[in-house]
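Dear colleague,

Please find below the structure that I am handing over to you. My notes on it follow.

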Amino acid sequence: MRRTLLYLLLLLVFLGVGLFLGLKVGSLSTSYATVGEALFAYDPANATHYSILNLRLPRLLLAFLTGASLAFSGYLMQALVNNALADPYLLGTASGASLGASFSFFLFADLTFMGLYLPPFFALVGSFAVTLVVVVLGSRRGQLIPSQMLLVGVALSSLLTALVSLIMFLSDSESQLKSVVFWSMGGFEKADWSNLGYPATALAAGLVVFFFLQRHLAVLLLGADRAETLGVDVRLIRWVMLVTVSVVTGFAVAFSGPVGFVGLMVPHVTRALLGATNRANLLFSALAGGLFLVACDLISRWIYPPAGMPVGIVTSFFGVPFFVYLLRRKNYRFS
(Lines give C-alpha, C1' and ligand atoms only; values in the text may rest on other atoms or scores of the structure.)
Protein backbone atom coordinates (compact mmCIF):
# COMPACT_ATOMS: atom_id res chain seq x y z
CA MET A 1 0.00 0.00 0.00
CA ARG A 2 2.82 2.41 0.85
CA ARG A 3 4.56 1.67 -2.43
CA THR A 4 1.34 2.34 -4.34
CA LEU A 5 0.80 5.69 -2.58
CA LEU A 6 4.43 6.65 -3.20
CA TYR A 7 4.16 5.92 -6.93
CA LEU A 8 0.85 7.81 -7.17
CA LEU A 9 2.36 10.79 -5.35
CA LEU A 10 5.41 10.82 -7.65
CA LEU A 11 3.13 10.52 -10.66
CA LEU A 12 1.06 13.52 -9.54
CA VAL A 13 4.22 15.57 -8.91
CA PHE A 14 5.60 14.77 -12.38
CA LEU A 15 2.22 15.52 -13.90
CA GLY A 16 2.08 18.91 -12.18
CA VAL A 17 5.59 19.74 -13.38
CA GLY A 18 4.73 18.64 -16.93
CA LEU A 19 1.60 20.77 -17.04
CA PHE A 20 3.44 23.81 -15.67
CA LEU A 21 6.25 23.40 -18.23
CA GLY A 22 3.67 22.99 -20.98
CA LEU A 23 2.06 26.31 -20.08
CA LYS A 24 5.38 28.05 -20.69
CA VAL A 25 5.96 26.64 -24.18
CA GLY A 26 4.26 28.44 -27.07
CA SER A 27 4.58 30.99 -29.87
CA LEU A 28 4.79 33.87 -27.37
CA SER A 29 7.88 34.11 -25.18
CA THR A 30 6.74 33.37 -21.64
CA SER A 31 8.50 33.32 -18.28
CA TYR A 32 7.59 31.10 -15.35
CA ALA A 33 6.52 34.23 -13.44
CA THR A 34 4.08 35.09 -16.24
CA VAL A 35 2.62 31.58 -16.10
CA GLY A 36 2.05 32.01 -12.37
CA GLU A 37 0.42 35.40 -12.92
CA ALA A 38 -1.89 33.96 -15.57
CA LEU A 39 -2.98 31.19 -13.21
CA PHE A 40 -3.46 33.24 -10.06
CA ALA A 41 -3.94 36.84 -11.28
CA TYR A 42 -5.50 36.49 -14.71
CA ASP A 43 -5.80 39.66 -16.78
CA PRO A 44 -8.13 39.17 -19.77
CA ALA A 45 -6.58 42.16 -21.54
CA ASN A 46 -3.14 40.53 -21.44
CA ALA A 47 -2.52 38.57 -24.67
CA THR A 48 -0.02 36.24 -23.02
CA HIS A 49 -2.41 35.48 -20.16
CA TYR A 50 -5.15 34.76 -22.70
CA SER A 51 -2.84 32.45 -24.67
CA ILE A 52 -1.86 30.53 -21.55
CA LEU A 53 -5.36 29.91 -20.22
CA ASN A 54 -7.35 29.60 -23.44
CA LEU A 55 -4.90 28.00 -25.85
CA ARG A 56 -2.12 26.20 -23.99
CA LEU A 57 -4.06 24.92 -20.98
CA PRO A 58 -6.91 23.32 -23.03
CA ARG A 59 -4.27 21.72 -25.27
CA LEU A 60 -2.47 20.23 -22.28
CA LEU A 61 -5.70 19.02 -20.71
CA LEU A 62 -6.76 17.39 -23.99
CA ALA A 63 -3.35 15.69 -24.18
CA PHE A 64 -3.81 14.43 -20.63
CA LEU A 65 -7.37 13.22 -21.24
CA THR A 66 -6.42 11.49 -24.48
CA GLY A 67 -3.46 9.70 -22.92
CA ALA A 68 -5.50 8.74 -19.86
CA SER A 69 -8.37 7.44 -22.01
CA LEU A 70 -6.14 5.36 -24.29
CA ALA A 71 -4.13 3.89 -21.40
CA PHE A 72 -7.34 3.08 -19.51
CA SER A 73 -8.82 1.43 -22.61
CA GLY A 74 -5.60 -0.45 -23.30
CA TYR A 75 -5.59 -1.90 -19.79
CA LEU A 76 -9.17 -3.10 -20.27
CA MET A 77 -8.41 -4.54 -23.70
CA GLN A 78 -5.43 -6.53 -22.43
CA ALA A 79 -7.57 -7.95 -19.63
CA LEU A 80 -10.43 -8.63 -22.06
CA VAL A 81 -8.42 -10.83 -24.43
CA ASN A 82 -5.74 -11.86 -21.89
CA ASN A 83 -3.05 -10.79 -24.34
CA ALA A 84 -0.12 -8.46 -23.68
CA LEU A 85 -0.17 -7.08 -27.25
CA ALA A 86 -3.77 -5.87 -27.18
CA ASP A 87 -4.73 -2.20 -27.28
CA PRO A 88 -7.70 -0.17 -28.62
CA TYR A 89 -6.16 -0.06 -32.11
CA LEU A 90 -5.48 -3.78 -32.35
CA LEU A 91 -9.16 -4.65 -31.98
CA GLY A 92 -10.21 -1.92 -34.42
CA THR A 93 -12.09 0.20 -31.87
CA ALA A 94 -9.88 3.26 -32.32
CA SER A 95 -9.75 2.74 -36.09
CA GLY A 96 -13.56 2.78 -36.19
CA ALA A 97 -13.57 6.02 -34.23
CA SER A 98 -10.99 7.43 -36.65
CA LEU A 99 -13.14 6.55 -39.65
CA GLY A 100 -16.24 8.08 -38.06
CA ALA A 101 -14.48 11.34 -37.24
CA SER A 102 -12.88 11.49 -40.71
CA PHE A 103 -16.29 10.98 -42.26
CA SER A 104 -17.65 13.98 -40.36
CA PHE A 105 -14.77 16.14 -41.67
CA PHE A 106 -15.65 14.99 -45.18
CA LEU A 107 -19.42 15.60 -44.95
CA PHE A 108 -19.77 18.81 -42.96
CA ALA A 109 -17.98 22.06 -43.65
CA ASP A 110 -18.55 23.64 -40.23
CA LEU A 111 -18.65 20.33 -38.26
CA THR A 112 -21.68 21.45 -36.26
CA PHE A 113 -25.37 20.60 -36.34
CA MET A 114 -27.88 22.39 -34.13
CA GLY A 115 -25.01 23.65 -31.99
CA LEU A 116 -23.46 20.20 -31.48
CA TYR A 117 -19.87 19.45 -32.50
CA LEU A 118 -20.23 16.39 -34.73
CA PRO A 119 -16.84 14.55 -34.81
CA PRO A 120 -17.18 12.96 -31.33
CA PHE A 121 -20.61 11.54 -32.16
CA PHE A 122 -19.46 10.18 -35.52
CA ALA A 123 -16.39 8.73 -33.79
CA LEU A 124 -18.61 7.10 -31.17
CA VAL A 125 -20.82 5.55 -33.85
CA GLY A 126 -17.73 4.30 -35.69
CA SER A 127 -16.17 2.74 -32.61
CA PHE A 128 -19.44 1.06 -31.63
CA ALA A 129 -20.04 -0.26 -35.14
CA VAL A 130 -16.55 -1.74 -35.48
CA THR A 131 -16.63 -3.20 -31.98
CA LEU A 132 -19.96 -4.85 -32.79
CA VAL A 133 -18.53 -6.36 -35.99
CA VAL A 134 -15.49 -7.64 -34.07
CA VAL A 135 -17.77 -9.18 -31.44
CA VAL A 136 -20.01 -10.85 -34.03
CA LEU A 137 -17.12 -12.24 -36.07
CA GLY A 138 -15.01 -13.02 -33.03
CA SER A 139 -17.59 -15.07 -31.16
CA ARG A 140 -18.86 -18.61 -31.45
CA ARG A 141 -22.20 -19.81 -30.08
CA GLY A 142 -22.56 -16.63 -28.07
CA GLN A 143 -19.09 -16.89 -26.49
CA LEU A 144 -16.34 -14.38 -27.24
CA ILE A 145 -13.15 -15.99 -28.56
CA PRO A 146 -10.31 -13.55 -27.73
CA SER A 147 -7.80 -14.93 -30.25
CA GLN A 148 -10.42 -14.75 -33.01
CA MET A 149 -11.33 -11.19 -31.97
CA LEU A 150 -7.68 -10.16 -32.30
CA LEU A 151 -7.43 -11.51 -35.84
CA VAL A 152 -10.70 -9.84 -36.88
CA GLY A 153 -9.58 -6.59 -35.26
CA VAL A 154 -6.26 -6.55 -37.11
CA ALA A 155 -8.00 -7.19 -40.44
CA LEU A 156 -10.63 -4.52 -39.82
CA SER A 157 -8.01 -1.98 -38.73
CA SER A 158 -6.25 -2.40 -42.07
CA LEU A 159 -9.52 -1.98 -43.95
CA LEU A 160 -10.51 1.11 -41.98
CA THR A 161 -7.10 2.70 -42.53
CA ALA A 162 -7.63 2.22 -46.25
CA LEU A 163 -11.07 3.85 -46.00
CA VAL A 164 -9.62 6.88 -44.19
CA SER A 165 -7.07 7.16 -47.02
CA LEU A 166 -9.95 6.96 -49.51
CA ILE A 167 -11.70 9.84 -47.75
CA MET A 168 -8.51 11.89 -48.10
CA PHE A 169 -8.35 11.04 -51.78
CA LEU A 170 -11.98 12.00 -52.39
CA SER A 171 -11.77 15.30 -50.48
CA ASP A 172 -12.51 17.96 -53.09
CA SER A 173 -11.50 20.99 -51.07
CA GLU A 174 -8.19 22.00 -49.58
CA SER A 175 -9.73 22.69 -46.17
CA GLN A 176 -11.31 19.21 -46.00
CA LEU A 177 -8.05 17.55 -46.99
CA LYS A 178 -6.01 19.54 -44.46
CA SER A 179 -8.49 18.75 -41.69
CA VAL A 180 -8.39 15.00 -42.31
CA VAL A 181 -4.63 14.81 -42.96
CA PHE A 182 -3.57 16.78 -39.89
CA TRP A 183 -6.14 15.08 -37.71
CA SER A 184 -5.04 11.62 -38.90
CA MET A 185 -1.48 12.29 -37.70
CA GLY A 186 -2.65 12.87 -34.13
CA GLY A 187 -2.45 16.18 -32.33
CA PHE A 188 -4.19 18.58 -29.97
CA GLU A 189 -4.57 21.71 -32.10
CA LYS A 190 -8.37 21.48 -31.93
CA ALA A 191 -8.36 21.71 -28.13
CA ASP A 192 -10.98 24.06 -26.76
CA TRP A 193 -12.68 24.46 -23.39
CA SER A 194 -16.02 23.56 -24.96
CA ASN A 195 -14.70 20.20 -26.22
CA LEU A 196 -13.00 18.88 -23.11
CA GLY A 197 -16.23 17.79 -21.45
CA TYR A 198 -16.79 14.86 -23.85
CA PRO A 199 -13.60 12.84 -23.19
CA ALA A 200 -13.53 13.92 -19.52
CA THR A 201 -17.06 12.67 -18.87
CA ALA A 202 -16.49 9.38 -20.72
CA LEU A 203 -13.25 8.69 -18.83
CA ALA A 204 -14.73 9.60 -15.45
CA ALA A 205 -17.73 7.31 -16.05
CA GLY A 206 -15.43 4.45 -17.07
CA LEU A 207 -13.27 4.86 -13.97
CA VAL A 208 -16.35 4.87 -11.73
CA VAL A 209 -17.77 1.72 -13.36
CA PHE A 210 -14.54 -0.23 -12.97
CA PHE A 211 -13.88 1.06 -9.50
CA PHE A 212 -16.72 -1.29 -8.51
CA LEU A 213 -15.63 -4.03 -10.95
CA GLN A 214 -11.90 -3.92 -10.17
CA ARG A 215 -11.95 -7.25 -8.31
CA HIS A 216 -13.57 -9.02 -11.28
CA LEU A 217 -11.06 -7.40 -13.63
CA ALA A 218 -8.11 -8.70 -11.62
CA VAL A 219 -9.56 -12.22 -11.63
CA LEU A 220 -10.14 -12.02 -15.39
CA LEU A 221 -6.39 -11.57 -15.91
CA LEU A 222 -6.02 -15.16 -14.69
CA GLY A 223 -7.97 -16.37 -17.72
CA ALA A 224 -11.64 -16.83 -18.53
CA ASP A 225 -11.85 -20.43 -17.28
CA ARG A 226 -10.31 -19.64 -13.92
CA ALA A 227 -12.43 -16.51 -13.58
CA GLU A 228 -15.63 -18.51 -14.14
CA THR A 229 -14.65 -21.05 -11.51
CA LEU A 230 -14.18 -18.14 -9.08
CA GLY A 231 -17.71 -16.92 -9.71
CA VAL A 232 -17.12 -14.12 -12.23
CA ASP A 233 -19.75 -13.65 -14.96
CA VAL A 234 -17.14 -13.45 -17.72
CA ARG A 235 -19.64 -12.82 -20.52
CA LEU A 236 -21.24 -9.85 -18.75
CA ILE A 237 -17.91 -8.33 -17.72
CA ARG A 238 -16.58 -8.60 -21.28
CA TRP A 239 -19.63 -6.81 -22.67
CA VAL A 240 -19.26 -4.03 -20.11
CA MET A 241 -15.59 -3.72 -21.03
CA LEU A 242 -16.32 -3.55 -24.76
CA VAL A 243 -18.96 -0.85 -24.36
CA THR A 244 -16.75 1.16 -22.01
CA VAL A 245 -13.72 0.96 -24.29
CA SER A 246 -15.83 1.99 -27.29
CA VAL A 247 -17.17 5.10 -25.56
CA VAL A 248 -13.90 6.19 -23.91
CA THR A 249 -11.78 5.57 -27.02
CA GLY A 250 -14.33 7.09 -29.38
CA PHE A 251 -14.47 10.43 -27.58
CA ALA A 252 -10.68 10.57 -27.12
CA VAL A 253 -9.89 9.84 -30.77
CA ALA A 254 -12.54 12.28 -32.01
CA PHE A 255 -10.58 15.29 -30.80
CA SER A 256 -6.97 14.14 -30.89
CA GLY A 257 -6.87 11.82 -33.88
CA PRO A 258 -5.27 8.36 -33.82
CA VAL A 259 -2.39 8.41 -31.31
CA GLY A 260 -0.81 4.98 -31.22
CA PHE A 261 0.98 2.81 -28.66
CA VAL A 262 -0.21 4.60 -25.50
CA GLY A 263 -2.73 1.88 -24.72
CA LEU A 264 -0.09 -0.78 -25.39
CA MET A 265 2.81 0.56 -23.30
CA VAL A 266 1.33 2.21 -20.22
CA PRO A 267 -0.56 -0.84 -18.82
CA HIS A 268 2.68 -2.85 -18.91
CA VAL A 269 4.52 -0.15 -16.97
CA THR A 270 1.65 -0.04 -14.48
CA ARG A 271 1.69 -3.78 -13.82
CA ALA A 272 5.49 -3.78 -13.58
CA LEU A 273 5.42 -1.08 -10.88
CA LEU A 274 2.31 -2.01 -8.90
CA GLY A 275 1.72 -5.69 -9.66
CA ALA A 276 -0.86 -7.35 -11.88
CA THR A 277 -3.72 -7.33 -9.37
CA ASN A 278 -3.27 -3.98 -7.59
CA ARG A 279 -6.60 -2.19 -7.08
CA ALA A 280 -5.04 1.12 -8.13
CA ASN A 281 -3.92 -0.16 -11.55
CA LEU A 282 -6.66 1.46 -13.62
CA LEU A 283 -6.31 4.85 -11.94
CA PHE A 284 -2.52 4.66 -12.17
CA SER A 285 -2.71 3.68 -15.85
CA ALA A 286 -4.97 6.63 -16.61
CA LEU A 287 -2.71 9.11 -14.79
CA ALA A 288 0.45 7.64 -16.32
CA GLY A 289 -1.07 7.69 -19.81
CA GLY A 290 -2.03 11.32 -19.36
CA LEU A 291 1.48 12.20 -18.16
CA PHE A 292 3.04 10.31 -21.07
CA LEU A 293 1.07 12.23 -23.71
CA VAL A 294 1.66 15.57 -21.97
CA ALA A 295 5.39 14.77 -22.11
CA CYS A 296 5.14 13.71 -25.78
CA ASP A 297 3.34 16.96 -26.62
CA LEU A 298 6.12 18.92 -24.89
CA ILE A 299 8.76 16.99 -26.83
CA SER A 300 6.93 17.64 -30.11
CA ARG A 301 6.86 21.40 -29.43
CA TRP A 302 10.51 21.52 -28.38
CA ILE A 303 11.56 19.66 -31.53
CA TYR A 304 9.38 21.69 -33.90
CA PRO A 305 8.40 24.99 -32.22
CA PRO A 306 6.00 26.56 -31.67
CA ALA A 307 3.10 24.40 -32.95
CA GLY A 308 4.91 21.09 -32.62
CA MET A 309 4.99 18.06 -34.90
CA PRO A 310 2.07 15.58 -34.84
CA VAL A 311 2.19 13.82 -31.47
CA GLY A 312 1.47 10.46 -33.09
CA ILE A 313 4.96 10.59 -34.61
CA VAL A 314 6.54 11.08 -31.18
CA THR A 315 4.62 8.22 -29.57
CA SER A 316 5.67 5.93 -32.41
CA PHE A 317 9.35 6.51 -31.60
CA PHE A 318 8.66 5.16 -28.11
CA GLY A 319 6.05 2.57 -29.07
CA VAL A 320 7.76 0.66 -31.88
CA PRO A 321 10.84 -0.36 -29.82
CA PHE A 322 8.54 -1.32 -26.95
CA PHE A 323 6.42 -3.45 -29.30
CA VAL A 324 9.56 -5.19 -30.60
CA TYR A 325 10.62 -5.84 -27.01
CA LEU A 326 7.26 -7.49 -26.29
CA LEU A 327 7.56 -9.64 -29.40
CA ARG A 328 11.04 -10.82 -28.44
CA ARG A 329 9.87 -11.63 -24.94
CA LYS A 330 7.35 -14.06 -26.48
CA ASN A 331 4.99 -13.95 -23.53
CA TYR A 332 1.69 -12.62 -24.82
CA ARG A 333 -0.59 -14.05 -22.18
CA PHE A 334 -0.85 -13.21 -18.49
CA SER A 335 -2.00 -16.64 -17.31
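What percentage of the residues of the protein count as buried? Of its 335 residues, 52% do. Please bear in mind that this is a predicted model.

Overall architecture

The protein contains 14 helices and four strands. Its C-alpha atoms fill a box of roughly 65 × 55 × 40 Å along the principal axes. The radius of gyration is 20 Å, which agrees with the value near 20 Å for a compact globule, because that is what 335 residues would give. Among contacts between residues at least 6 apart in sequence, 73% join residues at least 24 apart.

In soluble globular proteins, nonpolar side chains tend to be buried together. Here, the largest nonpolar core has 92 residues, and the members that touch the most others are Leu 76, Leu 80, Phe 210, Leu 217, Met 241 and Val 262. Helix 3 gives the most to this core, namely 18 residues.

With neighbours within four places in sequence left aside, Val 262 is in contact with Gly 67, Leu 70, Ala 71, Pro 267, Gly 289, Phe 292, Leu 293 and Thr 315. Phe 261 lies in the loop between helix 11 (234-256) and helix 12 (262-274). Most residues other than glycine have a negative phi. Phe 261, however, has a positive phi, near 75°.

Helix 2

Which residues of helix 2 (residues 32-40) are buried? They are Thr 34, Val 35, Gly 36 and Ala 38. The buried residues of this helix pack against helix 1 (2-24) and helix 3 (47-81).

The largest pocket

The largest pocket holds about 350 Å³ of space. It is lined by 15 residues, of which Tyr 89, Ser 95, Ser 157, Thr 161 and Pro 258 are the closest to its centre. Helix 4 (93-107), helix 6 (146-170) and helix 7 (174-184) each supply at least two residues of the lining. Helix 6 provides the largest share, with seven residues.

With kind regards

Key. Residues are numbered from 1 along each chain as its sequence is written. This is a predicted model: local features need pLDDT of at least 70, side-chain atom pairs count only at pLDDT 80 or more; totals for chains, interfaces and linings use all residues. Side-chain values use heavy atoms; hydrogens and water are left out. Buried means under 20% relative accessible area, exposed over 50%, partly exposed in between (1.4 Å probe, protein chains only). Contact means heavy atoms within 4.5 Å. On a 1 Å grid over the protein atoms alone, a cavity is a set of points where a 1.4 Å probe fits but cannot get out, and a pocket is an open set with protein on both sides within 12 Å along at least five of seven lines; lining residues have an atom within 4 Å of a point. Grid points are joined across faces, edges and corners, and a volume is the space filled by probe spheres set on the points. A nonpolar core is a set of buried Ala, Val, Leu, Ile, Met, Phe, Trp, Tyr and Cys residues joined through side-chain atoms within 4.5 Å. The radius of gyration is taken over C-alpha atoms; the globule rule is 2.2 Å times the number of residues to the power 0.38.
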